[in-house]
Amino acid sequence: MRPARPAPRLIPLHRRLWSLLPVAGLLAGAGLGFHRVFPVGSLLPVLLVAVPVPMAVSAGLFLARARREGPAPLWPPLVLGAVVWLVTVRVTLFRDAAGGLASGGAVGEIRSALLDAPHAVLTTILPAPTGPGFLVLPHAVLWSASLAATELALRTRSPLLPALPPVLAFGVPLVLGVSGPGSNTPLAAGLVAGTGLLMLLRSPTARHGTVRGLSTGLPVVAVLALAAALLGPRLPGLAAREPYDLRHQVRPPTVHPQSTSPLDQVGAWLQHPETRLFRARTTTGGHNWRLAVLDRYDGVKWTSGAELTRSGGRVPPQPGTDPGGRERVEQQVTLENLPGIWLPAADRPASVKITRRGRGDAPETVGPGRAGSGDAERQLAVDPGSGVLALGGGDGAGVRGNRGLSYTAVSQAPVFDAKRLQYAAVPDGAAHSAATSLPRTDAAGKPIKAVETFAELAAEATAGSSYPYQQAHRLAGWLREHYRYDPTSLPGHAYRNLEFFLTTGKHGTSEQFAASFAVLARTLGLPTRVAVGFRADGAGARGAGGNGSAQITGRDALAWPEVRFEGVGWVPFYPTPGQATKDGSSVPPAGRPEKREKTDRAITKQPPPSAAPDQQDDGKQHDGAAPSGGGGLPVWVYASAAVVLLLLAYCGGAAWAPHRVRRRRRRARDPGQRVLGAWQQIVDRLTEVGLPATAAHTATEVAAFGVARLGGSGSGSGSGSGGQLPALARLVNEVGYGGRAPDEAAAEAAWRHCDAIERSVARAVPRRERVKRALRPGTLLRHSRSGARQ
């Protein structure tokens with residue numbers, strides 16, 4: 001007959017309950033992993049609800065069932081957890097949802113939002129908006145992980161199994177937040193440390209309690225956490241920049257803007273120069289306001305090929321570009337009578353935040369990122385290619401009534417370096433072909449004569465030029481020199497309009513100047529596009545008043561062309577001439593910033609060499625360039641975590657020190673030292689019930705105090721725990737002063753009596769008082785000295 005297997009060794013209930021603390025820490029770390037997906041400020045309320053509430057539900061049901069005989073069924077916490085989650089999400093996130101929970105309207109809405117949330121996050125520029133349709137995802141993930149981890153911690157004896165749900169939950173932000181700001185490496189190291197701590201608390205080999213296991217295992221946990229922190233940047237999904245992104249496998253909902261082209265509105269704005277379009281305040285002046293970018297031309301109209309993507313306020317940088325330097329510009333804009341979906345900003349902004357909603361907006365459709373919250377920030381869209389901002393779905397609907405809408409944009413405006421521009425080449429490939437294409441044949445397949453005229457004029461204007469930037473610079477100067485600015489000119493930028501402007505009329509608005517430059521430059525092989533916006537130094541802006549604010553009116557409308565250079569990016573040019581003054585002198589080109597004027601002057605003053613020198617500084621960081629930022633968690637999060645760790649370390653030291661002293665006393669090699677150690681342990685515990693903490697007491701006095709306080713007779717025959725104290729006191733005196741050498745049995749008897757005294761003291765002193773006493777610095781110091789003397 002095979003011997004029966006021993007019954008599995010269960011973890012004591014109190015240790016299973018204590019293990020919920022590292023489980024909660026693991027869940028919090030997994031939740032903070034979403035900081036690359038959502039702003040931390042909106043994520044913390046989700047953590048404060050989705051982690052402790054399901055733990056309380058599960059633990060409460062388990063403890064209520066543990067008082068009865070038999071195993072606790074699993075279905076009650078699962079069912080109750082799901083119901084409580086629906087109620088909690090309905091009350092916290094979907095407060096404005098239509099229909100009651102009982103009717104199923106809110107349940108269907110929550111279910112739909114939860115199913116759509118992953119795809120919505122993957123098709124949104126991170127950080128994602130903070131609407132209920134987005135936040136329901138981390139809420140559900142953390143709630144499920146918290147419920148599962150708590151059940152595993154209470155029902156199983158495995159040291160590692162309760163860590164599995166938090167680790168799986170941490171994988172969700174790793175996948176969804178690859179392209180987000182910051183890094184999850186510190187959190188991954190924290191998960192490793194938390195898992196190690198969980199193992200120590202639940203280890204079945206800790207015979208002398210969890211404190212002993214912690215004292216021997218914490219160094220191992222620290223080494224594992226350090227290794228995770230060092231190796232984390234080399235693991236997929238943890239670094240701030242990771243090549244592989246699941247977003248590449250998900251097709252975002254491409255939205256092409258269908259609103260009226262802003263280039264068609266330039267003439268209308270100029271015909272009504274007093275129209276107040278928007279108010280603005282900037283920290284640094286001299287930067288034009290870019291409204292939209294038009295990169296497609298069909299011979300009739302310039303249109304935008306922007307593909308708008310939802311954004312929570314972040315605009316991704318243009319990869320592979322370095323203008324030479326950057327200048328931080330913070331703008332506060334309030335819309336007044338600006339039509340369309342586009343939002344003005346200085347160059348390509350890095351971040352945008354809606355600060356006040358416009359008046360008269362229609363109620364939003366409930367869905368991911370909106371859910372009836374009424375926050376215009378959830379309508380914010382960005383074109384990653386050009387960096388332009390827009391509101392709504394791209395069709396112009398829902399933007400009426402944006403009057404009064406305010407937002408703050410932060411831009412890193414380029415400050416171009418003359419050395420980088422002078423000999424910069426233009427890119428080739430598919431992007432170059434799209435930005436240089438022109439319709440050259442008509443519907444019948446015959447060549448369009450206007451294109452030949454444009455090519456001849458472009459060659460005449462740039463004769464003698466050697467490099468792309470020199471060609472663009474001369475072309476802009478040629479247009480300013482040979483054509484006149486007239487704000488009353490008729491609008492239009494089709495081939496026929498441009499040919500008339502260049503050959504016959506020779507006067508027009510910035511619409512004709514910018515469109516003509518872009519078309520002429522494309523005949524030279526220069527990739528171009530047209531930007532529409534407003535002058536920063538216009539008459540309306542100058543008359544705005546003090547406090548750095550500006551009133552932008554229709555008079556400030558301006559269009560300008562941009563040329564793309566390899567490694568530099570899109571560079572604006574200003575072919576529109578300034579208005580002549582009364583004395584006949586000319587003013588600088590319309591819209592050209594002062595810093596750009598200095599750059600052009602530095603380039604034109606240098607004699608052109610026979611060959612372009614090697615630009616060896618292409619990969620270097622120039623002075624004034626914006627530092628490459630990482631992001632990550634705010635400093636206050638790390639500071640708070642450090643304070644919490646210090647408090648936990650102190651509490652751990654206070655709990656570990658008395659056990660360390662007791663273990664050393666009981667493990668002394670000499671039986672006499674073990675007897676004296678047991679007596680010293682009794683003296684320390686009797687101080688908790690009133691014995692003065694002084695070394696002046698004799699053993700007889702201590703025994704008399706113990707008999708009086710804990711019970712027992714002086715002869716040792718009493719039933720109280722202090723009954724054996726007088727006999728033990730005599731043994732202590734004989735060992736300490738009489739030279740007696742007790743045997744092993746006497747030492748073991750002394751420690752058994754010490755155990756009885758400690759249990760009596762524990763019953764006599766409330767737990768709160770024992771904890772307060774243990775946390776006192778004096779108590780910790782005394783135990784440290786006692787341990788050092790052993």
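Predicted model: local features only at pLDDT ≥ 70, side-chain atom pairs only at ≥ 80, totals over all residues.
Local features need pLDDT of at least 70, side-chain atom pairs count only at pLDDT 80 or more, and totals for chains, interfaces and linings use all residues. Residues are numbered from 1 along each chain as its sequence is written, and side-chain values use heavy atoms, with hydrogens and water left out.

We may begin with the sheet. Five strands form an open sheet with mixed pairing, in the order E1-E6-E11-E12-E8; strands (E, at least two residues) and helices (H or I, at least four) are DSSP runs numbered from the N terminus, and two strands pair if DSSP finds at least two bridges between them. Strands E1 (124–125) and E8 (342–343) are the edges, each pairing on one side only. E1 runs parallel to E6 (residues 309–311), to which two bridges join E1; Thr 124 has Arg 310 of E6 as its bridge partner.

A cavity is a set of points, on a 1 Å grid over the protein atoms alone, where a 1.4 Å probe fits but cannot get out, and its lining residues have an atom within 4 Å of a point. Grid points are joined across faces, edges and corners, and a volume is the space filled by probe spheres set on the points. The largest cavity has a volume of about 60 Å³. Helices H15 (468–482) and H19 (594–605) each supply at least two residues of its lining, and H15 gives the most, with four. Among the lining residues are His 473, Arg 480, Tyr 574 and Asp 600. By class, this lining has three nonpolar, two polar and four charged residues; Ala, Val, Leu, Ile, Met, Phe, Trp, Tyr, Cys and Pro count as nonpolar, Asp, Glu, Lys and Arg as charged, and the others, Gly among them, as polar.

The second largest cavity, of about 40 Å³, has a lining of six nonpolar, one polar and two charged residues. Asp 347 is one of its lining residues and lies in the loop between strands E9 (345–346) and E10 (349–356). Phi of Asp 347 is positive, near 55°, in a residue other than glycine. Asp 347 counts as partly exposed because its relative accessibility is 27%; buried means under 20% relative accessible area, exposed over 50%, and partly exposed in between (1.4 Å probe, protein chains only).

Definitions and conventions: 1 Å grid on protein atoms, 1.4 Å probe; cavity = no way out; pocket = protein on both sides within 12 Å on 5 of 7 lines; lining within 4 Å.
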